Amino acid sequence: MNLKDKNILLGVSGGIAVYKVLDLCSRLKKRGANLKIIMTDSACEFVTPLSFETMGKCKVYNSIFKGHHDEVFHIELPKWADIMLIAPATANILAKFSNGIADDMLSTTFLACTKPVIVAPAMNTNMLMNVSVQENILKLKQRGIHFIESKSGLLACNTVGDGRLAEPEEIVDYLEIFFSKKDLKGKKIIVTAGPTVADIDFVRYITNKSSGKMGYNIAKAARDRGADVYLISGPVEPFKIEGITTIKIRTNEQLKDSIETLFSDSNALIMSAAPVDYKPENYFDKKIKKNGQTLKLNLIQTDDILKYFGDKKTKQKIIAFAAETDDVIDNALKKLHEKNADFIVANDLKMDGAGFNTDTNIATIISEKDTIKLNKMSKYELANKILDLI
């Protein structure tokens, strides 16, 4: 997790969007972050400090005048922090930050902060578009302050427009990107995810249980580490990923064609998709009606997409998956050799916490030189282990 053990100094100013920040605190804690929180007097009018202390599992600071002379909070808190995050950031606090006003705990701490500062504005659309607010935002950006831009939507004042605080999951996503090492910057990585389908008739098809979670986590982790990511996804979407190119496909043929268009100048192909191995020999262009008799389908093997690109590679690293139920390591080694892959990520579908439609995985990474058995971990953590191979 990119936020594990990160020290986040959270500044909360007084807007109705304060209620969302309680959810944000919960999400940050679940990802292992350490919090300390500063609330303005106005913020305390919306939500009590006790609520933030409970959700953040930390102390909440409000007054610059309360404390011991040995510990000057507005100086010590920024020293502790890895970043300072302001959410929501009102027009008032942005004006203070921009013009060097230090008349409360939050604005004074901001002036003393030498760490990166990330601001998530929230206010009425007319206020956001006011020339003074826009000038303050521009000045802060020019000084190196990072902004998580507000969104458009229904505001608390019953108008629709810009100024809605970014959702808590969007803010967490931004922070995970911010804290990630950018060791894959300049790399073009193709990630495939989810199942494919083979049509039987106009309404029926063959597919498999792949949820796409592993591939989507790989794509997200690659994006976080700075790569230029192309996600080729079957008909699933376990979660949305901003900042990458997503190509939706259904069939093996579409999967192969999509990879083909990107492969020649890519650095890596990570084949976490589960294309169907068999398809009906004959497709029926209308619905097959029941007639009281057994329906017999003749299934033929599909083209081997992984082997096709394994034989075609030049400079590309190819990382494939082997989801097995028996003889996991032997089958994975066989696949490594037959498909000309550089690495195989093998997992036993019978193990609890591994395989399809789980948020965790238990994998063994196999190459010509090594076999590395990994403990159970989140699919995002495993994604980073896989990306380390590149």
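1. Helix α1 (residues 18-30) and helix α9 (residues 168-179) have axes that come within 9 Å and cross at roughly 45°. Here, axes are lines fitted to C-alpha atoms, for helices over the stretch in contact, and angles run from 0 to 180 degrees between N-to-C directions. Helices (H or I, at least four residues) and strands (E, at least two) are DSSP runs, numbered from the N terminus. The two helices α1 and α9 are therefore oblique to each other; angles under 35 degrees count as roughly parallel, over 145 as roughly antiparallel, 65 to 115 as roughly perpendicular and the rest as oblique.

2. Who touches whom here? On the α1 side the contact is made by K20, D23, L24, R27 and L28, and on the α9 side by P168, E169, I171, V172 and L175. Contact means heavy atoms within 4.5 Å. By class, the residues where α1 meets α9 are six nonpolar, no polar and four charged. For these classes, Ala, Val, Leu, Ile, Met, Phe, Trp, Tyr, Cys and Pro count as nonpolar, Asp, Glu, Lys and Arg as charged, and the others, Gly among them, as polar.

3. A word on the model itself. It is predicted, so local features need pLDDT of at least 70 and side-chain atom pairs count only at pLDDT 80 or more, while totals for chains, interfaces and linings use all residues. Residues are numbered from 1 along each chain as its sequence is written, and side-chain values use heavy atoms, with hydrogens and water left out.

4. Helix α9 has another partner, helix α10 (residues 213-224): they pack at an angle of about 60°, with their axes 8 Å apart. That makes α9 oblique to α10. Look for D173, E176 and I177 of α9 against K220, R223 and D224 of α10. This contact has one nonpolar, no polar and five charged residues.

5. Is strand β5 (residues 117-121) buried or exposed? Five of its five residues are buried, so β5 is largely enclosed by the rest of the structure. Buried means under 20% relative accessible area, exposed over 50%, partly exposed in between (1.4 Å probe, protein chains only). Both faces are covered, with V117, V119 and P121 buried on one side and I118 and A120 on the other.

6. Now for the neighbours of β5. Strand β4 (residues 83-89) pairs with β5 in the parallel sense over four bridges, and L85 has I118 as its bridge partner in β5. Strand β6 (residues 146-147) also runs parallel to β5, joined by two bridges; there, the partner of I118 is H146. Two strands pair if DSSP finds at least two bridges between them.

7. At 48% relative accessibility, I16 counts as partly exposed. Leaving aside residues up to four places away in sequence, I16 touches F46 and A156.

8. Finally, follow the open sheet of eight strands, ordered β13-β12-β9-β14-β17-β18-β20-β21, with mixed pairing. At its edges stand β13 (245-248) and β21 (371-373), each with a single partner strand, so one side of each is left without a neighbour in the sheet. From one strand to the next, the twist averages 15°. Strand β20 (residues 364-366) runs antiparallel to β21, with three bridges joining them. Helix α13 (residues 328-339) lies across β17 (317-324), β18 (343-348) and β20, running at about 155° to β18.
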